[in-house]
Amino acid sequence: MTGRRPLDDAELIERLGALSGQLAWPATPDLAGRVTAALESGAAARAAGTIDRGRSGRTGVLGRLRELAGGGLGGRRVARRSLVIAVIALLAIVVAAAAIGLGVPGIRIELRPLASPTPTATASAPGPSSSLSDAEPTPRGTPPDSELGPKVSLDRARSGAGFGLLLPGGAGLGDPTEVHLTGNAPFTRVALLYPDHTTLTEFLGAIQPDAFQKVVGPGTTVEPVRVGASDGYWITGAPHDLLLMYLDPDGLSRFRQVTVTGNVLIWEVGAVTLRFETPLAREAALAVATSLR
Amino acid sequence: MEGRPLEDSELIERARRGDIGAYGELVQRHQEVAVRTAYLACGDASEAEDATQEGFLKAHAALSRFRADAPFRPWLLRIVVNEARNRRRSAGRRTGLALRMAEDRPADDAAPSPEGVVLAAEARDELLAALRRLGDDDRLVIGCRYLLELSEAETATALGVPPGTVKSRLSRALGRLRMTMDGEVAR
């Protein structure tokens, strides 16, 4: 077989087309029936906390909580109210369990030892030093510019985000020192960098599931909070790992793990999920968060 | 007036107004390509099924933000690909080994079609082996474009990359596929 002429692109493409019809593609189930059934029963099921989104039901109670946080077209307000009650009730369970997820759309929080990083996470590359914590070395949670996307003007970020960009009001943080925009709408993410290693990240969480994944150890506190009219989480304490999804220059999704030693507030405003990484204390961070306009 | 099938855009408009049946029609129309795309992205049939179902639900939740003049299918596939990739990542799994031949494929070895579109067994196995050995990203872009026959624009949207990037990435992926096949042959 050696010495055979390599196939040119056209020949390869022709063979690929022929191969397509011979592959063992998965059978197509009746998703239309399942999806419409889920939508028809969605509002009532969400309110009752009994939503069944999966074929196998493997999402479980906490998976349902994540779905409640994700919300839907109907019953969203009811679902959020249910979420607060359910989260408070389940936090005690979470403390005792391993690798359990709660979440705001686009953010998954898992509690498990930091020594067991997500298998696909790449090694973290420490960034500039930070003073986010007095007790720990301070690798910077904010990824390098290449992962945040290109630096842009605030006006460009506003026009390119594909959603209404929210900025802190009042004199709290001042103007961002850098603005970064990555992705194409509606899969965009905007990062606003402020002095003192403070970063506000915004994106449409419902359609970018798990854009961030937090892995927090037992020394970390995850506290449900109210941010204005929204539910959120205040994460503080021991260092927590952040698995960050970003787009490389070719537009491919990549994942990088960084360790964050500061405080993080996550919440949503309408369809926008926000992550606020800050050395501020909880009340001050909440004040900034509620000032967003 | 209901005799003709409704366009996607008409079904989307109805779905936005709360017509779940209209959305069900959209699901019916696109579920096969969506499941196959998810399968390419995550490499597991049951995960692909779950990812596709979840993708349809997320797309429904995001319909209000869908641009009315944009094609629905690639936008949907982007959501499905994201969902499938996340599931693959959570499972810490590569995708390629899942690709295999159908058991009940046509009796092509004995009687190639007149059009020559059915691959001979040796060529087919060689190509499949090379596809399995490709990296996930190369296999996904090749799979979307040539196995699922999405257009370049659809592939770009589904994978979340600019159209120009699809061209360059396809070119590189085909090159690596060719090199991999040469490697297979030289073994």
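**View 1. Ala229(A) is an exposed residue in a loop of chain A.** Gly270(A) sits 41 residues away along the chain, with 9.9 Å between its C-alpha atom and that of Ala229(A). A word on the model: it is predicted, so local features need pLDDT of at least 70 and side-chain atom pairs count only at pLDDT 80 or more, while totals for chains, interfaces and linings use all residues. Residues are numbered from 1 along each chain as its sequence is written, and chains are lettered from A and ligands numbered from 1 in the order in which they are written.

**View 2. β7(A) and β8(A) belong to an open sheet of seven strands.** The strand order is β3-β4-β5-β12-β11-β8-β7 in chain A, with antiparallel pairing; strands pair if DSSP finds at least two bridges between them. At the edges lie β3 (178–182) and β7, each pairing on one side only. On average, neighbouring strands are turned by 15° against each other, direction ignored. Look for the eight bridges between β7(A) and β8(A); Val227(A) has Ser230(A) of β8(A) as its bridge partner.

**View 3. Helices α2 and α4 of chain B cross at roughly 40°.** The axes, lines fitted to C-alpha atoms over the stretch in contact, with angles from 0 to 180 degrees between N-to-C directions, come within 9 Å. The two helices are therefore oblique to each other: angles under 35 degrees count as roughly parallel, over 145 as roughly antiparallel, 65 to 115 as roughly perpendicular and the rest as oblique. Among the residues making the contact are Leu26(B) and Ala38(B) of α2(B), and Leu76(B) and Val80(B) of α4(B); two residues are in contact if their C-beta atoms, placed from the backbone, lie within 7 Å.

**View 4. The largest nonpolar core has 58 residues.** Such a core is a set of buried Ala, Val, Leu, Ile, Met, Phe, Trp, Tyr and Cys residues joined through C-beta atoms within 7 Å. Ala38(B), Val80(B) and Leu177(B) touch the most other members, and α2 (residues 20–42) of chain B gives the most to the core, with 11 residues.

Note on methods: Helix = DSSP H or I, 4+ residues; strand = E, 2+ residues; numbered from the N terminus. Buried ≥ 20, exposed ≤ 12 C-beta atoms within 10 Å, placed from the backbone.
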